[in-house]
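Subject: Structure handover

Hello,

Here is the structure for you to take over. My notes on it follow below.

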Amino acid sequence: MLPDTDNNLAYQGFTFLLCLLLLPVGFCFFFRGPFSAKRLLPRFGTAGRPLSYRVLVRNLSSRSQAGLILREHPADAGPSFKDWLAVHLAEEKRLRSFRFHQRRRINPFRMASAKEAALPPMAPGQEVEAEVHLAALRRGVLSLRGVTLARPDPLGVVRSLIDVPLAQSVVILPKRYPLPPIALPGSMKYQQGGVALASSVGQSEEFVALRDYREGDPLRHIHWRSWARTGRPVVKEFEDEFFVRHALVLDTFTEQPYSEALEEAIAVAASFACTVRTEESLLDLLFVGAESYCFTAGRSLGGADQMLQILASVRACGGQPFQKLEHLVLNHVRSVSGCVCVLLAWDKARRDLIEKLRALGVPSLVLVVLEPGEAASVDRGPMESDPEHFRILEVGQVEQGLARLK
């Protein structure tokens, strides 16, 4: 329409809009100058919760700067083609054809989204502070590659950008749910050999040796003469034979690489890891990934933070038989007082595992995390006679289901 200037006026509107675009672009060349930035990150974040931290920006130029906007840049967590294809095929199997109302697909590879933060005016050499609010979308290691300083032109059409490299990372822990006061199954059990690493949480206190003080050791066990002789705190180590030790069994066997049921199961396991009083007992986390894993938390062995970091890196275990987890649990139950089993299904393989635990006299709390609508067809099987220690948790109602535990 533009060449026909006799029959229309489109060329006039085009010329005017082109000038409105070229004029702001010209302002971009006047935004120059070096900047430095320092990010004050916390140690951990939590999936599903906002992460707030401060960023210090210093103006290294010889001119004052005003009206700047700070933009955070989480590193691109783009998947490989193999991972993308696996997620795509698993999602296609769940979708039904000829259905108008489908569940909105969630990008499982996106780690976080950040809001822009306005910076106050900066004089030459001045350092200012901005508070950044970042929404952590899922657990794992969140990498931040740098920040961008943006300045809009007077018309607000375009922005001039300056990138400041600032590579850092923060661990995003799994989300947790509040648990009511519950009595976990099992009682004190004899541990062959005493398990001196339990740091005196049992009842039998037979002196074994002297060792350096570790955080959490009771003051009454300090050996004052050795402290005076060596110049550093020394405590007496005792051999503990009877104490409570629970196993937290996490089921990771699913064909879906990124399933909501697995994320909720990890959140349930993280909730128990934070609730169980490990200063009075030991907690063993059992799961299968690339291989079989067993991590123990308790006095002098680590606390809830270490176990949450482990849970933040758990991935789905597809293509392996469930019997691998069964062998891990059955080889470990001889030393535990009870089990908390967080399962992703209630099929024959998982019912057989619970039956074997009950046959061995190991009390168990069974929590089955299912997709919405799958709970109605569940046969309780061996747990029919013990409903208090069997709960079905549907995705979307996990917190309500955990609140009903006793």
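The protein has eight helices and 19 strands. Please keep in mind that this is a predicted model. Of its 406 residues, 43% count as buried. The protein exposes about 22,100 Å². Carbon and sulfur atoms supply 54% of that area. Among contacts between residues at least 6 apart in sequence, 74% join residues at least 24 apart.

Nonpolar cores

The largest nonpolar core has 37 residues. Those with the most contacts inside it are Leu 248, Leu 250, Val 268, Phe 272, Leu 311, Leu 367 and Leu 402. Two or more residues each come from E14, H4, strand E15 (282-288), H5, E17, strand E18 (364-370) and helix H8 (398-403). H4 gives the most, with ten residues.

Take Phe 272 as an example. Leaving out residues up to four places away in sequence, Phe 272 touches Leu 179, Ile 182, Leu 184, Leu 248, Leu 283, Val 340, Leu 365, Leu 367 and Leu 405.

A buried glutamate

Helix H4 also holds Glu 264. Is Glu 264 buried or exposed? Its relative accessible area is 9%, so Glu 264 is buried, given that the cut-off for buried is under 20%. Which residues is Glu 264 in contact with, leaving aside its neighbours within four places in sequence? They are Lys 175, Tyr 177, Val 369, Val 395 and Val 398.

Aromatic pairs

The count comes to six aromatic pairs. One of them joins Phe 253 and Phe 322, edge-to-face, at 5.5 Å centre to centre with 70° between the planes. Phe 253 lies in the loop between strand E14 (245-250) and helix H4 (260-275). Phe 322 lies in the loop between helix H5 (304-312) and helix H6 (323-330). The pair therefore ties together parts that are 69 residues apart in sequence. Both partners are buried: Phe 253 has a relative accessibility of 9%, and Phe 322 has 7%.

Trp 346 and Phe 390 form a tilted pair, at 4.9 Å centre to centre with 55° between the planes. This pair also links distant parts of the chain, 44 residues apart. Trp 346 sits in the loop between strand E17 (338-343) and helix H7 (348-359). Phe 390 belongs to strand E19 (residues 390-394). Trp 346 is buried, at 9% relative accessible area. Phe 390 is buried too, at 1%.

There is also a cluster: ring pairs link Phe 287, Tyr 293 and Phe 295.

Salt bridges

Here the count comes to 13. Arg 71 forms a salt bridge with Glu 116, and the closest N and O atoms are 3.7 Å apart. Arg 71 is in strand E4 (residues 69-74), while Glu 116 is in the loop between strand E5 (112-114) and strand E6 (117-118). They are 45 residues apart and link distant parts of the chain. Arg 71 is partly exposed, at 28% relative accessible area. Glu 116 is partly exposed as well, at 45%.

Glu 116 has another partner. Arg 159 forms a salt bridge with Glu 116, with the closest N and O atoms 2.8 Å apart. Arg 159 lies in strand E9 (residues 159-173) and Glu 116 in the loop between E5 and E6, so this pair ties together parts 43 residues apart in sequence. Arg 159 is partly exposed, at 35% relative accessible area.

Lys 356 pairs with Glu 326 in a salt bridge, the closest N and O atoms being 2.4 Å apart. Lys 356 is in helix H7 and Glu 326 in helix H6, so the pair ties together parts 30 residues apart in sequence. Lys 356 counts as partly exposed, at 39% relative accessibility, whereas Glu 326 is buried, at 5%.

Surface patch

A nonpolar patch on the surface has about 1,100 Å² of accessible area together. Phe 14, Phe 16, Leu 17, Leu 18, Leu 20, Leu 21, Leu 22, Leu 23, Val 25, Phe 27, Leu 155 and Val 157 form this patch. Leu 21, one of these, is found in helix H1 (residues 10-27). Leu 21 is partly exposed, with a relative accessible area of 41%.

Best wishes

Notes: Residues numbered from 1 in each chain as written. Predicted model: local features only at pLDDT ≥ 70, side-chain atom pairs only at ≥ 80, totals over all residues. Heavy atoms only, no water. Patch = residues over 30% accessible without salt bridge, like charges linked within 9 Å, V, L, I, M, F, W, Y side chains within 5 Å. Areas by Shrake-Rupley, 256 points an atom, 1.4 Å probe, with all protein chains shown as cover. Salt bridge = Lys/Arg side-chain N within 4 Å of Asp/Glu carboxyl O. Helix = DSSP H or I, 4+ residues; strand = E, 2+ residues; numbered from the N terminus. Buried < 20%, exposed > 50% of the residue type's maximum accessible area, 1.4 Å probe, protein only. Phe/Tyr/Trp six-rings, centres within 6.5 Å; stacked < 30°, edge-to-face > 60°. Contact = heavy atoms within 4.5 Å. Core = buried A, V, L, I, M, F, W, Y, C linked by side-chain atoms within 4.5 Å.
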